[in-house]
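Here is a short briefing for a first look at a structure. Have the sequence and the 3D view side by side as you read.

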Amino acid sequence: MTTIQFEKINVIRNDHHILHDISCLFPSATITALIGPSGAGKTTLLKLLNGLHSPTSGEIYFNDKPVSTMNLLDLRRHAGMALQSAPMLPGTVFDNLNLPRTIAGDALKEEEAVRLLAQVDLEDVPLTQDIKSLSGGQRQRLSIARTLVNQPRVLLLDEITSSLDPRSVKEVEKLIHSIHKSQQVTIIWITHDVDQAVRATDRYIMLKDGRVEHTGDSNTLLHSDVPAVREFIEGEEL
Ligand SMILES: Nc1ncnc2c1ncn2[C@@H]1O[C@H](COP(=O)(O)OP(=O)(O)OP(=O)(O)O)[C@@H](O)[C@H]1O
Ligand SMILES: [Mg+2]
């Protein structure tokens with residue numbers, strides 16, 4: 001169980017002040033939607049949590065542990081990230097599932113790989129199958145399975161369903177919920193889809209221009225009378 005706390009986080013890159021004094025809490029074992037207009041700083045915030053970026057000032061805590069004191073390998077074991085593009089290496093399904101272990105100088109056992117595939121409903125896909133022949137939905141599920149290899153306690157999702165058809169979207173949402181339920185992971189889910197935020201997440205944090213604009217329960221989103229939230233929702237519905 002991991003609670004994530006941001007304390008006065010600033011990120012400045014190439015003279016661009018991307019995140020301003022972000023202080024917020026992601027309670028353990030909850031699913032938080034990270035929403036906000038394009039360029040608001042959502043991906044930058046997520047990348048701070050698995051060491052792809054580091055803050056210019058401020059501190060992030062996993063429970064009481066400052067993230068700045070964790071080494072990169074431990075941090076990435078603790079927090080797995082899945083992306084919209086589900087990037088894959090050329091090779092087989094197994095090669096790609098094995099990647100987090102290869103990075104750590106280890107290898108996945110075949111039975112572990114089979115169990116991971118079953119966990120994401122890919123039990124019919126052989127480990128030897130070429131990655132190129134997977135559908136978009138299968139590829140995204142494999143990418144999620146890959147983030148589970150190290151049994152992360154934090155799952156970071158960056159628009160993982162935005163290139164999928166509606167049926168695959170629902171399947172991936174169901175999958176994330178079953179992982180959440182069985183493993184009590186803390187999930188931060190960037191989505192542009194307000195209906196998805198309402199359906200699939202407990203609470204939301206809205207960023208705008210690199211600042212926390214509003215937070216609340218996701219089921220209040222569609223009826224919010226907060227001007228910035230309304231503006232975002234109406235913009236997304238166009
Ligand atoms: N390395 C960098 N140097 C300078 N500016 C950057 C860098 N990385 C990101 N930015 C800028 O920071 C801002 C926030 O980017 P970020 O990718 O976090 O936004 P986002 O909310 O994820 O947007 P989107 O919804 O389009 O994915 C953007 O204006 C972006 O151009
Ligand atoms: Mg982004």
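By class, the shell around ligand 1 holds eight polar, three nonpolar and three charged residues. Here Ala, Val, Leu, Ile, Met, Phe, Trp, Tyr, Cys and Pro count as nonpolar, Asp, Glu, Lys and Arg as charged, and the others, Gly among them, as polar. The model is predicted: local features need pLDDT of at least 70, side-chain atom pairs count only at pLDDT 80 or more, and totals for chains, interfaces and linings use all residues. Residues are numbered from 1 along each chain as its sequence is written, chains are lettered from A and ligands numbered from 1 in the order in which they are written, and side-chain values use heavy atoms, with hydrogens and water left out.

**Ligand 1**
- The ligand is surrounded by 14 residues, and the closest are Ser38, Gly39, Lys42, Thr43 and Thr44. A residue is near a molecule if one of its heavy atoms lies within 4 Å of it.
- Strand S2 (16–26) and helix H1 (42–48) each give the shell at least two residues. H1 has the largest share, with three residues. Helices (H or I, at least four residues) and strands (E, at least two) are DSSP runs, numbered from the N terminus.
- An N or O atom in the side chain of Ser38 is 2.6 Å from an oxygen atom of ligand 1.
- For the side chain of Thr43, the corresponding distance to an oxygen atom of ligand 1 is 2.8 Å.
- Ala40 uses a backbone N or O atom, 3.2 Å from an oxygen atom of ligand 1.
- Taken alone, ligand 1 exposes 640 Å², and the protein buries 65% of that. Accessible areas come from the Shrake-Rupley method with a 1.4 Å probe.

**Gln196**
- Gln196 sits in helix H8 (residues 194–200).

**Asn63**
- Asn63 lies in the loop between strand S4 (57–62) and strand S5 (65–66).
- Asn63 and Met1 are 62 residues apart in sequence, yet 8.4 Å apart in space, C-alpha to C-alpha.
- The side chain of Asn63 reaches the backbone oxygen of Met1 at 3.1 Å.

**Annotation**
- The unreviewed UniProt entry carries the annotation "domain: ABC transporter" for residues 4–234.

Definitions and conventions. Polar contact = N/O pair within 3.5 Å; in protein donor to acceptor, adjacent residues only side chain to side chain. UniProt positions renumbered as here; feature names shortened; annotations may be inferred.
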